[in-house]
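Hi there,

Here is the structure I promised to pass on. Have a look at it first, and my notes follow below.

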Amino acid sequence: MRSVLQGRTAVAASMLAVLALVAAGCGGSSNDSKDSASGGQDAPDASALDKASGVTKVTFWHGMKGANGAAVDKLVKAFNAANSGKIEVTAVYQGDYDDTITKYKTSVQQGNTPSVVQIYDIGSRFMIDSKQTVPVQKFADKDGYTLDSIEPNIANYYSIDSALNSMPFNTSMPLLYINKEAFVKAGLDPAKPPTNLDEIMAAAKKLTVKQGGKTVQYGFNAAIYGWFVEQLIAQSGTTYCDNDNGRKDLATKVNFADEQGVKIATWYQEMVKQGLMPNTGKKTDDAQAVFKSGTSAMHLESTGSLRGYLDAAKGKFTVMTAPFPHLSASDSGGPIIGGASLWIDGPGHSDAEKRASWEFVKFASSPAQQAAWHTGTGYFPINRKALDEPSDKAWVAQYPQFTTAITQLHNTKPTNASSGCILGVMPQARKAAEDGLEKAVLGTDPATAMKAAADSIKPQIDQYNKTVKK
């Protein structure tokens, strides 16, 4: 689910500054004496807790608020109750995703990182390169703990060379939302939704309604959102950046100025030009408001919006969901997951603290807790066994629209394309794609707009890679 976009421009400078410190050896913790001789990035075994005296304290930084924040507090309370007298986790809200990663970078500089931190998906490359964390794969291998129950497509995003770096936590997927009554009134079958951009345009022409020269219902709407560009490129089966989406080696360029990205920008431009879609800009809240009000018959958003849409539409129209569209009819790719994961910090933390953090992360990913998380927030359960929990089955039965996301995830073959690009400056790349898309919508030649956008991010990619490889 998307965090506030405006904060992302501030991420660029802090990211490069902190990486420069890390690369120079100044980003490590000042509390290295707390580490065992085995090293800050090693995974201690269960004996570390047995040897600890008193209660081992764990600090958990996160970016969840409202109902999601309440679900985090409930999770932590359950863990603490199960580990009373042994481990105590304190959850600390740090603001949205951007605020959290910015504060985390400051904590790296100060040598005072939290025990566990929730970082959004596109911050993964930075977290790996910071060398501040212990990969969860190391703990799993140490214990002989199986990770097979984690949804493959979700695990694939956070893995490099089949090694899981962080534990997936809150996961979302993109969907096509449909106003059922609008479809029926236009003579379209909502049970047979559009499956690609051309079909959406054709349906939008029938769904757009004008009265007295004014559009009272648009056939389609979506924010100018870089995440959708990433999704559509993945749906085409191609990669968003080079070097196998940054999974073979550090990515050196983005590919959204290629054929696929230009087609997306051209389609957005035509949809607005033909009056089939309003230009609501980059703010997802503005685009969501159009669909919630019933003045758009189709809409793109994440699964994280489903519960809110159902509540907003109650008594006005019926919300239906469909798989996220392909770029073209011949495409056979799949979408990329979104959301965030949990990272365990190493340098500056005792073996007991690292071990306690692993116990908490395991607990958070268990079937019962993921079922509670799923039903409490609407995020996709990362543990597929959660779907078998009675409470989860009852929730899905109450909200059958969510089964679309389950089917879509299970039907997607894990590939480098569907795993998504891991790029050190991914937040800035996403913003650049949005800038290119917006210029196209406002009339700039799509190919020119997307090329300029891709070119604008290249110096930042080069600087990041140069810093990391020092």
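**Salt bridges and packing**

Asp143, Arg355, Glu359 and Lys362 are joined in a network of salt bridges, a salt bridge being a side-chain nitrogen of Lys or Arg within 4 Å of a carboxyl oxygen of Asp or Glu. In total the structure holds 13 salt bridges.

Before the rest, a word on how to read this. It is a predicted model, so local features need pLDDT of at least 70 and side-chain atom pairs count only at pLDDT 80 or more, while totals for chains, interfaces and linings use all residues. Residues are numbered from 1 along each chain as its sequence is written, and side-chain values use heavy atoms, with hydrogens and water left out.

Helices here are DSSP runs of H or I with at least four residues, strands are runs of E with at least two, and both are numbered from the N terminus. Lys282 is buried, at 17% relative accessible area, whereas Glu438 counts as partly exposed at 26%. For these words, buried means under 20% relative accessible area, exposed over 50%, and partly exposed in between (1.4 Å probe, protein chains only).

Two other pairs sit within single helices. In helix H15, Lys354 and Asp351 are three residues apart, about one turn; their closest N and O atoms are 3.4 Å apart, and both residues are buried. In helix H21 (residues 446-468), Lys451 and Asp455 are four residues apart, again about one helical turn, and their salt bridge spans 2.8 Å from N to O. Lys451 is partly exposed at 49% relative accessibility, and so is Asp455 at 41%.

Thr280 also lies in the loop between helix H12 (259-273) and helix H13 (284-292). Leaving out residues up to four places away in sequence, Thr280 touches Ala222, Ala223, Asp286, Ala287 and Val290, where contact means heavy atoms within 4.5 Å.

Finally, helix H16 (residues 367-377) has buried residues Gln369, Gln370, Ala371, Trp373, His374 and Thr377. They pack against helix H3 (66-82), strand E7 (167-172), helix H15 (351-364) and helix H17 (390-398). After H16 comes Gly378, with a positive phi near 95 degrees.

Best wishes
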